[in-house]
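Subject: Structure for you to look at

Hello,

Here is the structure I said I would pass on. Please open it first, then read the notes below it.

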Amino acid sequence: MKLNNLMVLGLIMSVGYAGGTTKPALDKPLEIAKVDNKYFINIAGGGAFLNVDNVLSLNTTFADGALDDSGTVGEVAFGYRYSKNIFTTLAVQRTMLDIADIDNIYLSVNYQYADVFAKPYIGALIGYSKLTWSEDPSVIILNKDLTSEGATYGMQAGVEYNLNDDWAISGKYQFMKYDHTTDIRDGASNIEHTYGQNILMGVNYEF
């Protein structure tokens, strides 16, 4: 009788073991979710459209191209994604006009709708801007300082479309406020670049 009881007890223990009532395996490796790429480089180019005001005194004639209000723009940016919705960029940008260039270095903070098709985003930017004339903007120049420096700030909105895990195409619109004034005749004549609008298309490499 005791032998039968021992056999039954052994059978119950073996069934319980097979049914998963044993202690969990502690040596099983934990599964780690895949982390998306956090860093990226963007190269982009497109068109720039600026607001250019001027004051013209008597006996002053602006040079050809001095009041040019459109040109091309190129940009290289390094980006970091804090999460799937927040990313920042540090960008170097040049706007090329007929006889002047505007160089910008700026930081942007952006919110992205990562779960929407083409991942649209909006953001704000702030940085440093410098305008340099390659030629005299006027026939008569009293002030020979042909550069203007100051802050720039604005906003941008764009989209990104992933081609694969590493590459994406991008497009964006920017509004950038400037305070570039070229004093030609001690305040009597000047050229002011007050703001710019950029439309850029580019490519991202993510890593």
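Asp 101 forms a salt bridge with Arg 94, and their closest N and O atoms are 3.9 Å apart. This is a predicted model, and every value in these notes is computed from it. Arg 94 also meets Asp 103 through the side chains, in a salt bridge of 2.6 Å from N to O. How exposed are the residues of these two bridges? Arg 94 has a relative accessibility of 38%, so Arg 94 counts as partly exposed. Asp 101, at 22%, counts as partly exposed, and Asp 103 is partly exposed with a relative accessible area of 25%.

The structure holds six salt bridges. Another of them joins the side chains of Arg 81 and Glu 206, at 2.9 Å from N to O. That pair links distant parts of the chain: Arg 81 lies in strand E2 and Glu 206 in strand E8 (residues 190–206), 125 residues apart. Are these two residues buried or exposed? Arg 81 is buried, and Glu 206 is buried as well. A network of salt bridges links Arg 81, Glu 206 and Glu 160.

Now the fold. Eight strands form a closed barrel in the order E1-E2-E3-E4-E5-E6-E7-E8, with antiparallel pairing. On average, neighbouring strands of this sheet are turned by 20° against each other, direction ignored. In general, strands of a sheet pair through backbone hydrogen bonds, either parallel or antiparallel. Tyr 80 stands opposite Thr 88 in E3.

Next, the nonpolar core. The largest one has 24 residues, of which Leu 50, Ala 66, Trp 133 and Ile 191 touch the most other members. Which strands supply at least two residues each to this core? They are E1 (39–55), E2, E4 (100–112), E5 (121–133), E7 (167–183) and E8. E1 gives the most, with four residues. As a general point, nonpolar side chains in soluble globular proteins tend to be buried together. If neighbours within four places in sequence are left aside, Ala 66 is in contact with Ile 99, Trp 133, Pro 137 and Ile 191.

Last, the aromatic rings. The structure holds eleven aromatic pairs. Tyr 80 and Tyr 82 form one that is edge-to-face, with 4.8 Å from centre to centre and 90° between the planes. Tyr 80 is partly exposed, with a relative accessible area of 22%, whereas Tyr 82 is exposed, with 55%. Phe 87 and Tyr 121 also form an edge-to-face pair, at 5.1 Å centre to centre and 80° between the planes. The pair of Phe 87 in strand E3 and Tyr 121 in strand E5 links distant parts of the chain, 34 residues apart. Phe 87 has a relative accessibility of 2% and therefore counts as buried; Tyr 121, at 7%, counts as buried too. Finally, ring pairs link Tyr 80 and Tyr 82 into a cluster with Tyr 39, Phe 78, Trp 167, Tyr 205 and Phe 207.

Regards

Terms used
Residues are numbered from 1 along each chain as its sequence is written. This is a predicted model: local features need pLDDT of at least 70, side-chain atom pairs count only at pLDDT 80 or more; totals for chains, interfaces and linings use all residues. Side-chain values use heavy atoms; hydrogens and water are left out. Two strands pair if DSSP finds at least two bridges between them. Axes are lines fitted to C-alpha atoms, for helices over the stretch in contact, and angles run from 0 to 180 degrees between N-to-C directions. A salt bridge is a side-chain nitrogen of Lys or Arg within 4 Å of a carboxyl oxygen of Asp or Glu. Buried means under 20% relative accessible area, exposed over 50%, partly exposed in between (1.4 Å probe, protein chains only). A nonpolar core is a set of buried Ala, Val, Leu, Ile, Met, Phe, Trp, Tyr and Cys residues joined through side-chain atoms within 4.5 Å. Contact means heavy atoms within 4.5 Å. Rings of Phe, Tyr and Trp (its six-membered ring) pair if their centres lie within 6.5 Å; planes under 30 degrees apart count as stacked, over 60 as edge-to-face and the rest as tilted.
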